[in-house]
Amino acid sequence: MPEDPPDPFAPLLPPPPETTLAVGLLELVTLVLGTAAAGRETRGLLCQALAPLFDAPAAAHALIDLPSQHAELHLWRQASAATGAAARLEVPEPGLAKVPETARWFASAARRSLHQWIDLPHLAELPVTVDLGRLCYLVLGRRRPFDGDDERLLALAGRHLAALEAVRWRLAPVEPAGHRDGEADAPPIHLTGREVEVLLLLREGLLARAIAGRLGLSERTVHKHLSAVYTKLGVHDRLLAVRRAEDLGLVGPPPPGPGLRRSA
């Protein structure tokens with residue numbers, strides 16, 4: 001008996017998750033490689049593009065350079081339905097090269113810092129480069145667990161992201177943290193994850209009391225963080241702190257809008 005012809009008006013089934021992921025990764029690769037070929041920084045962009053593929057409101061790229069004993073973190077977190085907040089942190093890694101290779105990532109200060117900054121209960125950590133001189137991980141954070149299907153898709157994505165990292169590295173080599181042109185004699189500035197959060201809210205124009213309410217801290221604690229930030233950046237007021245942090249790449253580029261409106 002011949003089969004009935006397909007109904008052209010039947011609703012289309014959604015594509016399998018592997019297909020959706022493959023399309024998303026293709027768009028991500030095109031975006032990142034195009035940006036890298038233009039000589040621009042891509043790691044924050046990579047985090048921002050990768051996070052939605054796994055319904056993750058936060059993502060981080062961690063690069064640990066063992067010879068220089070430093071790590072550089074690029075972090076992205078969704079601030080609202082339409083905007084996100086980006087930051088860059090530098091973390092010292094003294095003595096990490098002496099740790100057994102299989103334990104280095106778990107013993108690193110970079111991992112502890114990004115866990116604190118992401119501040120979400122469930123994390124997926126993807127190794128995309130592990131060699132004798134450096135470790136590179138992509139980390140996703142979200143509020144619900146990563147299940148078996150997620151782990152299967154993450155493993156698939158990890159292979160493509162490792163290849164992307166190798167090409168990205170060749171297109172836009174990154175100097176080890178603390179060794180940038182014009183900064184050879186200046187010690188790197190290290191901000192904690194909480195200090196970056198305070199800076200980002202400061203840039204939105206919030207005063208200490210509002211920042212305290214947003215972060216669930218006391219106003220006195222916020223002032224302590226601000227004082228530490230001022231000291232590390234060598235400035236004396238809020239506006240200069242934000243500008244200095246942007247110039248150094250410690251926080252992402254300023255968002256559109258009026259930005260900082262008031263000073264302390």
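Axes here are lines fitted to C-alpha atoms, for helices over the stretch in contact, and angles run from 0 to 180 degrees between N-to-C directions. The model discussed is predicted.

**Helices α7 and α8**

Two packed helices are described by the angle between their axes and the distance between the axes. Helix α7 spans residues 208-215 and helix α8 spans residues 219-233. The two pack at an angle of about 105 degrees, and their axes lie 8 Å apart. Angles of 65 to 115 degrees count as roughly perpendicular, so α7 is roughly perpendicular to α8. On the α7 side, the contact is made by Ala208, Arg209, Ile211 and Ala212. On the α8 side, Glu219, Val222 and His223 take part. By class, this contact has four nonpolar, one polar and two charged residues.

**Strand β1 and its partners**

Strand β1 covers residues 58-65. Eight of the eight residues of β1 are buried, so the strand is largely enclosed by the rest of the structure. In a regular strand the side chains alternate between the two faces of the sheet. Both faces of β1 are covered. Ala58, Ala60, Ala62 and Ile64 are buried on one side. Ala59, His61, Leu63 and Asp65 are buried on the other.

β1 pairs with β2 and with β5. The strand pairings are set out below.

| Strand pair | Bridges | Direction | A bridge pair |
|---|---|---|---|
| β1 and β2 | eight bridges | antiparallel | Ile64 and Ala71 |
| β1 and β5 | eight bridges | antiparallel | Ala60 and Val139 |
| β2 and β3 | nine bridges | antiparallel | Arg77 and Ala85 |

β1 and β2 form a hairpin with four residues between them. Gln69 sits in that turn and has a positive phi of about 60 degrees.

**Strand β2**

Strand β2 runs over residues 70-78. This strand is mostly covered: eight of its nine residues are buried.

**Helix α2**

Helix α2 spans residues 43-50. Which of its residues are buried? They are Arg43, Leu46, Cys47 and Leu50. Seen down the axis of α2, these buried residues fall within an arc of 100 degrees, so they line one face of the helix. The buried residues of α2 pack against helices α1 (17-37) and α5 (148-171). They also pack against strands β1, β2 and β5 (134-142).

Pro57 lies in the loop between α2 and β1. Is Pro57 buried or exposed? The cut-off for buried is under 20% relative accessible area. Pro57 is at 15% relative accessibility, so this proline counts as buried.

What does Pro57 touch, leaving aside its neighbours within four places in sequence? Its contacts are Trp76, Arg77, Gln78, Leu120, Gly141, Arg142 and Arg143. Leu120 is 63 residues from Pro57 along the chain. The C-alpha atoms of Pro57 and Leu120 are separated by 9.1 Å.

**Helix α4**

Helix α4 takes in residues 109-118. This helix is mostly covered, with seven of its ten residues buried. The buried residues are Ala109, Ala110, Arg111, Ser113, Leu114, Trp117 and Ile118. Asp119 follows α4 and has a positive phi, near 55 degrees.

Key:
Residues are numbered from 1 along each chain as its sequence is written. This is a predicted model: local features need pLDDT of at least 70, side-chain atom pairs count only at pLDDT 80 or more; totals for chains, interfaces and linings use all residues. Side-chain values use heavy atoms; hydrogens and water are left out. Angles under 35 degrees count as roughly parallel, over 145 as roughly antiparallel, 65 to 115 as roughly perpendicular and the rest as oblique. Contact means heavy atoms within 4.5 Å. Ala, Val, Leu, Ile, Met, Phe, Trp, Tyr, Cys and Pro count as nonpolar, Asp, Glu, Lys and Arg as charged, and the others, Gly among them, as polar. Buried means under 20% relative accessible area, exposed over 50%, partly exposed in between (1.4 Å probe, protein chains only). Two strands pair if DSSP finds at least two bridges between them. The arc is that of the directions from the helix axis to the C-beta atoms.
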